[in-house]
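Please look through the sequence and the structure below before reading on. The notes that follow describe some of the ways in which the parts are arranged.

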Amino acid sequence: MTNLTSFTIADARDKLAKKEFTALELTNAHIAAMEKAKALNAFITPTPDIARARAKESDARLQAGKAGALEGIPLGIKDLFCTEGVQTTAASHILEGFVPQYESTVSQKLRDAGSVMLGKLNLDEFAMGSSNQTSYFGPVKSPWKAKSLADDLVPGGSSGGSAAAVSGYLAMGATGTDTGGSIRQPAAFCGIVGVKPTYGRCSRWGVVAFASSLDQAGPMTRTVRDAAIMLKVMCGHDAKDSTSALLPVPDFEAALGKGVKGLRIGIPKEYRPDGLNGEVAALWDKGIQWMKDAGATIVDISLPHTSSALPTYYIVAPAEASSNLARYDGVRYGQRVEGKSLDEMYGKTRAAGFGTEVKRRILIGTYVLSAGYYDAYYLKAQKVRALIAKDFTDAFEKVDAILTPTAPTAAFGLNDKQDDPVAMYLNDVFTVPASLAGIPGASVPAGLNSDGLPLGLQVLTKRWDEETLFRVCQVIEDAAQFPFLKVPA
Amino acid sequence: MSYIIKGETGDWEVVIGLEVHAQVISKSKLFSGASAEFGASPNEHVSFIDAGMPGMLPVINERCVEQAVRTGLGLKAKINQRSVFARKNYFYADMPQGYQISQYDQPIVGEGTLILDMPDGATRAIGIERLHLEQDAGKSVHDLSPTKTMIDLNRSGVPLMEIVSKPDLRSPEEAGLYLKKLRSILRYLGTCDGNMEEGSMRCDANVSVRPVGSTDLRTRCEIKNVNSVRFVMMAIEHEAMRHVDVYESGGKIDQETRLYDSNKNETRTMRSKEMAHDYRYFPDPDLLPLEFDDAFVAKIKSTLPELPDDKKARFISAYGLSAYDAGVLVAEQDNALYFEEVANGRDAKLANNWVTSNLFGVLNARNVPITESPVSAKNLGRLLDLIADNTLSTRLAKEAFEIMVETGKDADTVVTERGMKQITDTGAIDAAIDQIIAANADKVEQYRAGKVQLIGWFTGQVMKATQGQAAPALCQELLKKKLEV
């Protein structure tokens, strides 16, 4: 019998409707896979009991002909989304044991559409990281192995648990969040599709905040179609989030199959710096050829402020984070370490509760907002951010979409790169500009390098144009015929 | 009427700026749907947002924006159609987010003016620097446990307007007048109840001194959270004296935050400049800039009431009242309304006297607002009509008024029930006079010998004989006729 975990969301949706198997069977198959793959450490909190209960409810609705858009589909939820009655940690010790009494808007929408929550997925602490190594609950291992390396690989981050779970067939799809590349980079590392929609598409309500002006939720799936199906459910206006867009949600799935004939695809020269990894560059060239073959016009473009994006991001994001994380003070919830005075309690609680990377970013953020430094750092960064956004606005006068590599390298070993934060930050060099501009971006698995590791291509479009994004992604997907991992027996 | 501190080295003037935190009248909080009502049990009015739970986001309460604009219009201030909420970052146990959402360099209301009504009838314009919206913190309760501090988050997120004056005030008295006038305007507008005891209006005072004639500003100290007009005045007076003493003994004033202790009538250091917070203000990324159009402002403007300054001017011109009397009447909107109902179509000065002395006396004694007056404006007006048509003498009217206060009955009922009609029948009065003259030949003799002040005694006797109902003027006229034959 076919392992039920091998299906795509679109397939499973049809087969559930045709009653080829039940939602409970589908969920049980995934729970079994999670059990077997415990060593990946993809989940912080598995919720098999909740999953089975919801799968049974799905079966009842399927029986009654009242199926939602994701009825019975088992999904993982990144542990940054607050889930009612289920521990939500943001992979931080400071929130260990915190059980929200509310459900984030995005996870509520997924639930309302009939999906089944398998558990809460591991991530970098407070989504700060590009390798999932900063989690208090331990690193996540990628299900992929390099030919040349015995060591385990990182899944990327911060949505590392999501990427590992989806690529390893522990979940049919997962929620991620992307602040500077946290959906797209792990999707590239693990060979899956990751979509960061336009800032404002998905409500941030109930998502533990990292950098409010950048954070955006999005789907991580094995196919472009699955991402389109999931994103449609996840987004929509939410009066509880003042930055949520008051726009109708397009039927992204309906945009698929339209191809790219006649579209103008921009290739930004700044994304091909000297010393760009040869295999990454070659794959990019391949992608350009696929676009041409499919009838698109290739346009060389310039995004002149690209090199300022990373330093800008590492001012804006830590500044917002330093303020957003002030609420974790040991007073009302989460961990507390007692002290003789209020200040001592704060100090001890936060020293024990936050990991090194989080502390580093709180310090950077506090520094750049300090009296005397604000103008030189934060204010200047905001101005540069506006220039970066304008680069894209200007580019989209000439092109319909932009094609770039997602990350400068493939996944690296679990024990590499740990002591140099700046080297780690460079992972996001291609993803951060779109985050700063608020435009949608996706990573599609496009091929393997010579070490047998996935590489992704990134597609960017203008604000609110996810439909074109999905069209371009699907053409890459069709051309790449990406060799997915084998479904574990 | 300038306020000068006579020092050993010369004369000093005091420079004062006030920051008033006024709680916006609104059903719910500034950024959450929780109730903003005062007086609930601890932590009863707290939403997930007010408690700073993970992932919670603020959403601006439009009602509060309207109230801020309304107040700005009342202060004749510049309304900024684009303003920005900023985070003021600091840690405190009763501030759940670790920051206060406030407005920093782009407030909703800019410069305006407030007119002080001086006791001599003159006025003085005081500049308003700005008004901005911000959220209140919760409350730390330190005295319920010897080892723990209890936190009540009911106030957390309650909407406040911070109204900042320019350093234009020059005496404790002016500071007091400023607060009273501001409170009056806020109450007229219905944007803050101005209740300092309940904390819905709180005041920080910035105080410095300088030699008379000097124009530069010296180092100021900020006195935090003073909770009555009287204490603000006392705190300023004390602080100004302290500054003069320090300067005159060769010292210098450090910029710092101080607390006023009303029991000891002194201020003391709360936080020195070195210990001052670096608030790391930056625009709140959870909130878009606050923007509205002309129509939004125009709609609010169309609902503004007549404000105290305009009303005062009208009372002076339309009713012929003195600036002082008009000022007293318009301070509270309900008083002005009451007065106008009484004065309408009647002798306005008489109406003013009855309202400000007789009625206010009763209200003060009973400590009730005019809206709970035992005598309605309609009933007081009718009483004045009975004076005007000679039914009642002033004396009888006062008696009737007292009965009206006690019983709540209207003037006509009291007059009828008590048979209080003034006697204007000369025959009846003549008869009483004849009797008194006959019985007091000695007094008549003295009067006729030149002791004319006895007329008062005679009048009293006639009033007594008529149970006070003789019309006093008529009485005297008839008496004189008979005594002076």
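This is a predicted model: local features need pLDDT of at least 70, side-chain atom pairs count only at pLDDT 80 or more; totals for chains, interfaces and linings use all residues.

Residues are numbered from 1 along each chain as its sequence is written, and chains are lettered from A and ligands numbered from 1 in the order in which they are written.

**The helix pair in chain B**
- Helix H9 (residues 377-388) and helix H11 (residues 411-418) of chain B pack at an angle of about 55°, with their axes 8 Å apart; axes are lines fitted to C-alpha atoms, for helices over the stretch in contact, and angles run from 0 to 180 degrees between N-to-C directions.
- On the H9(B) side, B:Asn379, B:Arg382, B:Leu383 and B:Leu386 meet B:Ala411, B:Asp412 and B:Val415 of H11(B), where two residues are in contact if their C-beta atoms, placed from the backbone, lie within 7 Å.
- Sorted by class, this contact of H9(B) with H11(B) has four nonpolar, one polar and two charged residues (Ala, Val, Leu, Ile, Met, Phe, Trp, Tyr, Cys and Pro count as nonpolar, Asp, Glu, Lys and Arg as charged, and the others, Gly among them, as polar).

**Chain B as a whole**
- Chain B has 15 helices and 16 strands, which are DSSP runs numbered from the N terminus (helices are H or I, at least four residues; strands are E, at least two).
- The C-alpha atoms of chain B fill a box of roughly 95 × 55 × 50 Å, taken along the principal axes.

**The sheet in chain A**
- Eleven strands of chain A form an open sheet with mixed pairing, in the order E1-E3-E2-E4-E6-E5-E10-E11-E9-E7-E8; two strands pair if DSSP finds at least two bridges between them.
- Strand E1 (43-46) and strand E8 (297-301) of chain A stand at the edges with a single partner strand each, so one side of each is left without a neighbour in the sheet.
- Strand E5 (residues 193-196) and strand E10 (residues 441-448) of chain A pair in the antiparallel sense over three bridges, and the bridge partner of A:Gly194 is A:Ser443 in E10(A).

**Where the chains meet**
- The contact takes 33 residues from chain A and 24 residues from chain B.
- The largest share of the side of chain A that touches chain B, three residues, comes from H10(A).
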